[in-house]
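Work through the exercises below with the sequence and the model side by side. Each task is followed by a stepwise solution.

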Amino acid sequence: MAMSQQEKTDYKRKFNEEKYDRVGLYLKQGEKERWQAAADQQNISLSEFIKRCVNEKISHDKG
C-alpha cells in the first residue's frame with residue numbers, strides 16, 4: 001500500500017531529526033539576501049554555502 005503524503009512528510013521529518021543537527025540563525029535585515037546571492041553565483045544552496053564558509057574558516061584557523 002502506498003504511503004499518504006502526510007506519512008511521507010512524517011517519515012522525512014523523523015529521519016532528519018534522527019540523522020541531522022539543526023542550527024538556527026538570526027540575521028540583520030538584508031544579510032540573508034546577500035548570502036543567497038553569493039550562493040546563487042556558485043550554483044549551490046544557501047545551506048551548502050554556509051557550511052562551506054564555516055568549514056573553510058575552521059580549516060584556515062587550524063593551519
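**Exercise 1.** Does Tyr20 count as buried or exposed?

Solution. The model is predicted, so local features need pLDDT of at least 70 and side-chain atom pairs count only at pLDDT 80 or more, while totals for chains, interfaces and linings use all residues. Residues are numbered from 1 along each chain as its sequence is written, and side-chain values use heavy atoms, with hydrogens and water left out.

Step 1: take the classes, in which buried means under 20% relative accessible area, exposed over 50%, and partly exposed in between (1.4 Å probe, protein chains only).
Step 2: Tyr20 has 53% relative accessibility and therefore counts as exposed.

**Exercise 2.** Where is Leu27, and which residues does Leu27 contact beyond its neighbours within four places in sequence?

Solution. Step 1: Leu27 is found in the loop between H1 and H2.
Step 1: its relative accessible area is 35%, so Leu27 is partly exposed.
Step 2: with neighbours within four places set aside, Leu27 touches Lys32 and Trp35, where contact means heavy atoms within 4.5 Å.

**Exercise 3.** At what angle do the axes of H2 and helix H3 (residues 46-62) cross?

Solution. Step 1: axes are lines fitted to C-alpha atoms, for helices over the stretch in contact, and angles run from 0 to 180 degrees between N-to-C directions.
Step 1: the two axes come within 9 Å and cross at roughly 90 degrees.
Step 2: H2 is therefore roughly perpendicular to H3, a label given to angles of 65 to 115 degrees.
Step 3: the residues in contact are Lys32, Trp35, Gln36, Ala38 and Ala39 of H2 with Leu46, Phe49 and Ile50 of H3.

**Exercise 4.** Which residue forms a salt bridge with Arg52?

Solution. Step 1: a salt bridge is a side-chain nitrogen of Lys or Arg within 4 Å of a carboxyl oxygen of Asp or Glu.
Step 1: Arg52 pairs with Glu48, the closest N and O atoms being 3.1 Å apart.
Step 2: both residues lie in helix H3, four residues apart, about one turn of the helix.
Step 3: Arg52, at 42% relative accessibility, counts as partly exposed, and Glu48, at 28%, is partly exposed.
Step 4: a network of salt bridges links Glu48, Lys51 and Arg52.

Definitions and conventions:
Helices (H or I, at least four residues) and strands (E, at least two) are DSSP runs, numbered from the N terminus. Angles under 35 degrees count as roughly parallel, over 145 as roughly antiparallel, 65 to 115 as roughly perpendicular and the rest as oblique.
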